[in-house]
Amino acid sequence: MVGNTSNQAGSDLRVGVIGVGHGVFGRRSDASVQELAFEAYREALQDAGLEPDAIDASVIGAVPEYHKQRSVGGVVQEYLNLNPKPTWLTEVACASGSAAIRTAWMAIRSGLHQVVAVIGCQKMTELTTPEILALMGRVGDVQWESVFGTTFPGYYAMFAERHRHEFGTSEEQLALVAVKNHYYGARNDKALFRKEITVEKALASDPVASPLRVYDCCANADGAACVILAGADRIREIGAGDRTVWLDGLGCATASMSVLRRPHLTGLPSAEDAAQQAYAMAGITAGDIDVADVHDCFTIAEIMAYEDLGFCAKGEGGRFIAEKQSYVGGTTPVNIDGGLKAKGHPIGATGVSMAYEIIRQLRGECGERQVPDASVGLTHNVGGIGQYCFVNVFRRE
Amino acid sequence: MFEWFGRVSYAPHTKVAGFARHLKDGRLMASRCEQCGHVSFPPRADCPQCLSDQFAFDELSGVGTVLTYTKIDAAPAGFEELVPFVVGVVDLTETGRLLAWFGESIADEEIAIGMPVQVVPRIFEELEQIKVYYSLERPGTSWVKADSS
Ligand SMILES: [Zn+2]
């Protein structure tokens with residue numbers, strides 16, 4: 001047990017996850033955002049063995065601009081039948097779900113609440129293509145960058161081009177990330193894409209922003225995930241101790257909105273900082289991580305994550321995937337659920353979906369995708385193009 | 001007049017709006033804090049170092065080197081008819097960085113990280129309203145500057 005986990009009276013201040021749930025990600029034209037949220041919430045309550053009245057509060061991770069429903073937290077809270085319990089929304093772009101987990105941890109650690117349901121949910125396919133294209137043009141700094149037609153893939157493409165220039169990272173190495181994540185996505189019944197792909201197929205796909213092609217990019221999706229957190233004392237009362245996965249390390253950092261003010265363009269400074277915070281708090285190093293879910297919104301993002309998190313040295317990310325070090329059996333298995341790439345990326349749900357996968361890996365419930373003897377896991381959830389990064393370390397005793 | 005800056009303007013209201021008028025006159029400007037001397041590009045009205053809101057514009061040479069670039073095939077709204085286009089991030093010799101399109105003096109095949117470029121103030125000639133931007137051109141490219149007033 002790490003040092004900073006008990007107060008002077010000796011009570012246990014740890015916060016753990018006692019239940020997880022996850023809906024199927026995809027083009028869910030069969031469901032509204034609150035119905036998606038319900039799927040994940042019901043599964044998490046059942047997983048925890050809790051009655052609904054055990055929940056003290058909820059935190060919703062979602063990005064409002066994708067929903068026609070304004071203030072989406074309100075409609076979710078009502079549909080989950082959680083009124084009049086408190087709720088609030090966290091928004092940090094694609095990292096909104098991890099921000100929800102972080103504030104739930106804070107709420108429990110402060111003593112304000114005992115059991116908090118975190119719901120990440122996003123309905124992205126309500127928007128028309130023109131609406132999506134308009135949003136796509138405003139991901140960077142709108143004053144100085146978006147006026148030149150920059151796009152989400154365009155920024156990561158510029159990271160990839162710089163990474164190739166400094167370290168020789170090839171388009172084939174990028175494609176190998178997609179091949180791995182589709183390989184595992186094909187074995188995840190919650191994933192959007194459940195088909196394996198080949199390097200040749202990835203390299204033959206249409207250009208999006210050089211050197212990135214269609215198969216270097218994750219896809220928008222609808223979906224929801226839920227984790228239920230509680231304090232150690234409450235966990236003991238419930239008797240859920242055995243299955244609990246503890247959230248022992250939390251890191252969160254930011255970097256400039258504009259790429260024009262970043263110290264370098266071959267990684268995400270926010271991820272480097274968040275990782276160091278999380279490792280220090282959990283009292284571990286990168287080498288202790290048995291399994292990780294990282295933010296592979298683009299293939300280059302996963303390669304940079306290997307380096308930013310210290311799974312390999314700076315510049316070695318391309319070699320890391322080429323040597324299959326991020327497969328099960330390698331140095332650090334990464335995105336064994338298929339990642340954003342194959343699972344799909346309902347942006348508010350993604351951070352919670354990552355926690356769902358890592359918790360199930362640490363509980364040994366992942367079947368043919370199981371990483372043997374995993375006891376320490378990590379999630380790395382990036383907002384935007386690295387303006388925000390949340391790194392969490394989970395541990396099973 | 002900051003709505004002059006960019007083919008599509010998302011943020012017309014800013015305290016550094018004068019930047020667009022200088023650009024129309026052929027001048028690329030950074031901001032300089034009048035209290036502590038901190039220089040910034042892109043320009044900003046409020047000094048991150050000493051918090052002063054007193055600033056002046058300083059003209060930059062526009063000389064720089066390419067830090068990275070990408071050719072964009074999938075365009076956002078308002079840029080559909082321009083694809084494919086290449087944007088680059090440039091390290092300016094004097095201060096800061098800038099993101100812009102490559103202009104006609106540089107062929108796509110020539111574009112490379114580390115190449116020297118000249119940032120040139122531009123006006124969209126084909127548009128009726130005043131719209132200004134800047135492009136990345138071959139070093140030595142000249143352009144017209146209005147008399148400084
Ligand atoms: Zn100053």
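The legends below describe close-up views of a predicted model.

**View 1. Met281 of chain A in its helix.** In this predicted model, A:M281 lies in helix α9 of chain A, which runs over residues 269-282.

**View 2. The contact between chain B and chain A.** On the two sides of this interface, 38 residues of chain B are in contact with 32 residues of chain A. Between them the two chains bury about 3,000 Å², with 68% of that area on carbon and sulfur atoms. On the side of chain B, the residues that lose the most area to chain A are B:Y10, B:R97 and B:L99, which together make up 22% of what that side buries.

**View 3. Polar pairs across the interface.** Between chain B and chain A there are 12 residue pairs in polar contact, counted where both residues have pLDDT of 80 or more, while the count of salt bridges between these chains is zero.

**View 4. The strands of chain B that touch chain A.** Strands β4 (63-72), β5 (85-92), β6 (97-102) and β8 (132-137) of chain B each supply at least two residues of the side that touches chain A. The largest share comes from β4(B), which supplies six residues of that side. Sorted by class, the side of chain B that touches chain A has 28 nonpolar residues, together with five polar and five charged residues.

Note on methods
Residues numbered from 1 in each chain as written. Chains lettered and ligands numbered in written order. Predicted model: local features only at pLDDT ≥ 70, side-chain atom pairs only at ≥ 80, totals over all residues. Heavy atoms only, no water. Helix = DSSP H or I, 4+ residues; strand = E, 2+ residues; numbered from the N terminus. Contact = heavy atoms within 4.5 Å. Buried area = accessible area lost by both parts, 1.4 Å probe. Salt bridge = Lys/Arg side-chain N within 4 Å of Asp/Glu carboxyl O. Polar contact = N/O pair within 3.5 Å; in protein donor to acceptor, adjacent residues only side chain to side chain. Nonpolar A, V, L, I, M, F, W, Y, C, P; charged D, E, K, R; others polar.
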